[in-house]
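Dear colleague,

Please find below the structure that I am handing over to you. The notes that follow it set out what was found.

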Amino acid sequence: MRMPALYLSHGAPPLVDDALWTDQLARWARDLPRPRAVLVVSAHWESAPLMLGATATGVPLTYDFWGFPERYYRVRYPSPGAPELAERVAALIPNDEPVAHQPERGLDHGAYVPLTVMYPEADVPVLQMSLPTLEPDRLLALGRRLRPLRDEGVLVIGSGFTTHGLPFLRDPRPEADAPGWSREFDDWSREALERGDVDELAAFRDRAPGMPFAHPTVEHFAPMFVALGAATEPERPPEQVVDGFWMGLAKRSFQVA
């Protein structure tokens, strides 16, 4: 069965304490076909050339955050490694684009935080891949190369956050009202997705309202383009499964067929 591709607004580790988000994500996962493996592109790993993370089972997680309570650093997610998927990904990349391996790098929180909710038994093989660029056109092309994996039972996930203006937040409560820049950017992205307007989305730096406050750095929006590129018909409007805000940040998430 062909798997969809997803773009998730993954959130910081405390998002797993948010009952609404965990319910939304768990329900979503239950509605998906069971994947043979998961390939995650996270906002928290930028590296060129394209790099593939640990393929061995049991490599420790990457706790790439600071200032949180100790319990968040005790989370474990011992998902099986996916060496065969790593070989398959490398084979899909053109010969003139090198692929490197970093076998000691475990899943970072952009990968394991949503997976602890989606597949809490940690029984699905997972491979993480770096963001080799932040340019939308190149990430769309990367997604197109990964598209055949969907017919092989692989769930392709781009993990970021629809708005991520952390320096401009003034209210740290999860239920905080969204700032104007976050709502404006989210409304714009929703409308562009409803139209299937990939070109508009790719020009977000110049066209989206709320910039640059919504994304003072753009790595949390970039994984979206891998998911859109992996779509069978990128211009077909995706199913927008999750919306709303957390700490004022837009957690819009969707799946493409």
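**Pockets, a cavity, aromatic rings and one threonine**

The second largest pocket is lined by Ala-48, Pro-49, Leu-50, Ile-93, Glu-97, Pro-98, Pro-132, Thr-133, Arg-138, Leu-139, Leu-142 and Arg-145. Please keep in mind that this is a predicted model. The volume of this second largest pocket comes to about 180 Å³. Helix H4, which covers residues 136-146, gives the most to its lining, with four residues. Sorted by class, the lining of the second largest pocket has eight nonpolar residues, three charged ones and one polar one.

The largest pocket holds about 550 Å³ of space. Its lining is made up of 23 residues, and those closest to its centre are Ala-12, Phe-68, His-109, His-164 and Leu-166. By class, 14 of the lining residues of the largest pocket are nonpolar, seven are polar and two are charged.

How many cavities of 30 Å³ or more does a search of the whole structure find? The search finds one. The volume of the largest cavity is about 140 Å³. Its lining consists of 17 residues, and Ala-54, Ala-56, Val-59, Ser-79 and Leu-107 lie nearest its centre. The lining of the largest cavity divides into nine nonpolar residues, seven polar residues and one charged residue.

The next topic is the aromatic rings. A pair of such rings is described by two values, the distance of the centres and the angle of the planes. The structure holds 14 aromatic pairs. One of them joins Phe-68 and Tyr-72: the ring centres are 6.0 Å apart and the planes stand at 80°, so this pair is edge-to-face. The cut-off behind that label is an angle of over 60 degrees. Are Phe-68 and Tyr-72 buried or partly exposed? Phe-68 has a relative accessibility of 27% and therefore counts as partly exposed, whereas Tyr-72, at 6%, counts as buried. Phe-68 is also among the residues closest to the centre of the largest pocket.

Phe-221 and Phe-225 make another edge-to-face pair, because their ring centres lie 5.7 Å apart and their planes are at 85°. Phe-221 is buried, with a relative accessible area of 0%, and Phe-225 is buried with a value of 0%.

Finally, I would draw your attention to Thr-163. Where in the chain is Thr-163 found? Thr-163 sits in the loop between strand E6 (154-160) and helix H5 (180-195). Its relative accessible area is 0%, so Thr-163 is buried. The side chain of Thr-163 has a polar contact of 2.9 Å with the side chain of Ser-182. The side chain of Thr-163 also reaches the backbone nitrogen of Ala-250, at 2.7 Å. When residues up to four places away in sequence are not counted, Thr-163 touches Trp-181, Ser-182, Phe-185, Ala-214, His-215, Gly-248, Leu-249 and Ala-250.

Yours sincerely,

A colleague

Notes
Residues are numbered from 1 along each chain as its sequence is written. This is a predicted model: local features need pLDDT of at least 70, side-chain atom pairs count only at pLDDT 80 or more; totals for chains, interfaces and linings use all residues. Side-chain values use heavy atoms; hydrogens and water are left out. Rings of Phe, Tyr and Trp (its six-membered ring) pair if their centres lie within 6.5 Å; planes under 30 degrees apart count as stacked, over 60 as edge-to-face and the rest as tilted. Buried means under 20% relative accessible area, exposed over 50%, partly exposed in between (1.4 Å probe, protein chains only). On a 1 Å grid over the protein atoms alone, a cavity is a set of points where a 1.4 Å probe fits but cannot get out, and a pocket is an open set with protein on both sides within 12 Å along at least five of seven lines; lining residues have an atom within 4 Å of a point. Grid points are joined across faces, edges and corners, and a volume is the space filled by probe spheres set on the points. Ala, Val, Leu, Ile, Met, Phe, Trp, Tyr, Cys and Pro count as nonpolar, Asp, Glu, Lys and Arg as charged, and the others, Gly among them, as polar. Helices (H or I, at least four residues) and strands (E, at least two) are DSSP runs, numbered from the N terminus. A polar contact is a pair of N or O atoms within 3.5 Å; within protein, one must be able to donate a hydrogen and the other to accept it, and residues adjacent in sequence count only if both atoms are side-chain atoms. Contact means heavy atoms within 4.5 Å.
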